[in-house]
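Dear colleague,

Please find the structure below, handed over for your records. My notes on what was found in it follow directly after.

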Amino acid sequence: MSISYRILWLLLTIINIASVIWYILASTAAFQRSLDLVATVRIVYFGVPSLILSISSLVLILKRWAPASNFNKMGLNIVLFLLLVLSAYLFMNVSTKGWLTDIIRSDSVKTTSDNKYEYRLDLVNLFQRNSHAKLYTKNKSSGVEKYIELNINTQEIIVITSDNVNNWVELEPTGKEDIYYLNTAKSLMIPIESFEIDINNGSVKKLE
């Protein structure tokens, strides 16, 4: 077996192992969530065979095995083809949402009763260990937009309905300049939480 052919075999093996690792990382959002049904099926039918081929290839490469017959050469060519095809399939089906890019589910945009702010709730990477919530506000007169982090217990949300119009929070004025009360709605299906928010400086105080 030529050196270049052996290098190609090693290179395809390394790429194949990398594709399996990358697919698992992406499918679990760097282990922030469990594998869903589709990802599990792909791992079983494509990831496991990939690892078997890669490990077998590494063992043979380290032992400096070389095909001694045309039949063995054909078999090795098939292995190289499978390593390439399986790697391409796994790379092409990688999704980086919830890991390298956030998955955001948004409340419908509403207006405070004093007609000063538009607002909505954004739930980021819901159903993952790195999930969190933030409040979007827009001053209707100045156009200034802000995102304010909220300590809503998103880990308790196990299911959520999303319609054409969603009402996940209510933001109401307190009578003080730029100070508002925010209450979560029952539609989040978690115990109602209340916050006092200073929109001007972005500070949040959770109310008991």
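Ala29 is found in the loop between α1 (3–27) and α2 (37–62); helices (H or I, at least four residues) and strands (E, at least two) are DSSP runs, numbered from the N terminus. Its phi is near 50 degrees, a positive value in a residue other than glycine. At 0% relative accessibility, Ala29 counts as buried, a term that stands for under 20% relative accessible area, with exposed meaning over 50% and partly exposed in between (1.4 Å probe, protein chains only).

This is a predicted model, in which local features need pLDDT of at least 70 and side-chain atom pairs count only at pLDDT 80 or more, while totals for chains, interfaces and linings use all residues. Residues are numbered from 1 along each chain as its sequence is written, and side-chain values use heavy atoms, with hydrogens and water left out.

A second residue of this kind is Asn125, whose phi is near 55 degrees, again positive in a residue other than glycine. Asn125 sits in the loop between β3 and β4, and its relative accessibility of 2% places it among buried residues.

Strand β3 (residues 117–124) pairs with β4 in the antiparallel sense over eight bridges, where two strands are said to pair if DSSP finds at least two bridges between them. Within this pairing, Tyr136 in β4 is the bridge partner of Arg120. Strand β4 (residues 132–139) is mostly covered, six of its eight residues being buried. β4 also pairs with strand β5 (residues 145–150), in the antiparallel sense and over six bridges; here Glu145 in β5 is the bridge partner of Lys138. β4 and β5 form a hairpin with five residues between them, and Gly143 in the turn has a positive phi of about 80 degrees.

Leu121 touches Arg105, Ser106, Asp107, Ala133, Lys134, Leu150, Ile152, Trp168, Val169 and Leu188, not counting residues up to four places away in sequence; contact here means heavy atoms within 4.5 Å. In soluble globular proteins, nonpolar side chains tend to be buried together.

There is also nonpolar surface to report. Met74, Ile78, Phe81, Leu82 and Val85 make a nonpolar surface patch of about 470 Å². Patches are made of residues with over 30% relative accessible area and no salt bridge, like charges being joined within 9 Å and nonpolar side chains (Val, Leu, Ile, Met, Phe, Trp, Tyr) within 5 Å; accessible areas come from the Shrake-Rupley method with a 1.4 Å probe, and for residues only the protein chains shown count as cover. Val85 lies in helix α3 (residues 70–92) and counts as partly exposed because its relative accessibility is 38%.

A search of the whole structure finds five salt bridges, each being a side-chain nitrogen of Lys or Arg within 4 Å of a carboxyl oxygen of Asp or Glu. Lys116 forms one with Asp178, the closest N and O atoms being 3.0 Å apart. This pair links distant parts of the chain, 62 residues apart: Lys116 is in the loop between β2 (110–111) and β3, and Asp178 is in the loop between β6 and β7. Lys116 is partly exposed at 23% relative accessible area, whereas Asp178 is buried at 11%. Lys116, Glu177 and Asp178 are linked in a network of salt bridges.

Two further salt bridges deserve a line each. The side chains of Asp122 and Arg120 meet at 2.8 Å, N to O, and both residues are buried. Glu193 and Lys206 meet through their side chains at 2.5 Å, N to O; Glu193 lies in the loop between β7 and β8, and Lys206 in strand β9 (residues 203–207), 13 residues apart. Glu193 is buried at 9% relative accessibility, while Lys206 is partly exposed with a relative accessible area of 40%.

With kind regards
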